[in-house]
Amino acid sequence: MRTKIHSIQTGMSCAYLIEGEEGLVLVDAGGPGAEDIFLRKIRALAHADLRLIYLTHAHLDHYGGVAALHRATGASVAIHRADAQALARGLTQTGRARGFGKVMGAAVPWVTRLLKPEGFTADVLLRDGDDLSAYGLE
């Protein structure tokens, strides 16, 4: 089987479901409440289990659905160790923003209070240079 990459729009962001011989890997989990979008896509593929949810960073539009997805699938969750604490606390840290990013940076605390993303403790803490070959990704 060739690896297939499915782009999934969640409304707040875009995520990717990677379908490979070892099963499925989800790159990002959308915002709070987005889990049903992913679960429908996983069910439609029907032949593979979700093995890993890889979070690119701890912004609520990328991790907001991870706790619910983990409960529904049992998939391991991986994130870079620099973002692990923000994920665990349900925070979105924006750092230094420029241009339009300043507006978004100012809005994030309000959006976080409104959407209340659930914090989650990742199963796998990554360092720069780590790979995901154990999950079928080179």
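Let's start with R51. In this predicted model, R51 is partly exposed, with a relative accessible area of 27%. Its side chain meets that of E22 in a salt bridge, 3.7 Å from N to O.

How many salt bridges does a search of the whole structure find? Two. The other one pairs E118 with R71, and here the closest N and O atoms are 2.9 Å apart. E118 lies in the loop between α5 and β6, while R71 is in helix α3, residues 66–73, so the pair ties together parts that are 47 residues apart in sequence. Exposed or partly exposed: which is R71? R71 is exposed, with a relative accessible area of 56%, because the cut-off for exposed is over 50%. E118 has 39% and is partly exposed.

Now step back to the overall layout. The chain has 138 residues, and buried residues make up 42% of them. There are five helices and six strands. From the N terminus, the order is β-β-β-α-β-α-α-β-α-α-β. Take the contacts between residues at least 6 apart in sequence: 67% of them join residues at least 24 apart.

Next, the hairpin. Strand β1, residues 4–9, runs antiparallel to strand β2, residues 14–20, and six bridges join them. Which residue in β2 is the bridge partner of S7? Y16. Four residues lie between the two strands, and in this hairpin G11 takes a positive phi near 100°.

Stay on strand β1, because H6 is there and H6 is buried, at 15% relative accessibility. The cut-off for buried is under 20%, so H6 falls inside it. The H6 side chain makes a polar contact with the side chain of E19, at 2.7 Å. Setting aside neighbours within four places in sequence, H6 is in contact with A15, Y16, L17, E19, K41 and L45.

The largest nonpolar core has 29 residues. Those with the most contacts inside it are L17, L26, L50, I53, L55, V66 and L87. Which elements each supply at least two residues of this core? They are β2, β3, α1, β4, α2, α3, β5 and α4. Of these, α1 gives the most, with four residues.

Look at L17 itself. Again leaving out neighbours within four places, its contacts include I5, H6 and I8. They also include L24, V25 and L26. Further along the chain, L17 touches K41, I42, L45 and L50. There is also a second, separate core, of nine residues. Among them are I18, L126, Y135 and L137.

Last, confidence. The chain averages a pLDDT of 84, and 82% of the residues score at least 70. Which element has the lowest mean pLDDT? Helix α5, residues 100–115, at 53. Strand β5, residues 76–80, has the highest, at 97. Where pLDDT is low, the predicted coordinates should not be read in detail.

Notes. Residues numbered from 1 in each chain as written. Predicted model: local features only at pLDDT ≥ 70, side-chain atom pairs only at ≥ 80, totals over all residues. Heavy atoms only, no water. pLDDT = per-residue confidence, 0-100. Pairing = 2+ DSSP bridges. Salt bridge = Lys/Arg side-chain N within 4 Å of Asp/Glu carboxyl O. Buried < 20%, exposed > 50% of the residue type's maximum accessible area, 1.4 Å probe, protein only. Polar contact = N/O pair within 3.5 Å; in protein donor to acceptor, adjacent residues only side chain to side chain. Contact = heavy atoms within 4.5 Å. Core = buried A, V, L, I, M, F, W, Y, C linked by side-chain atoms within 4.5 Å.
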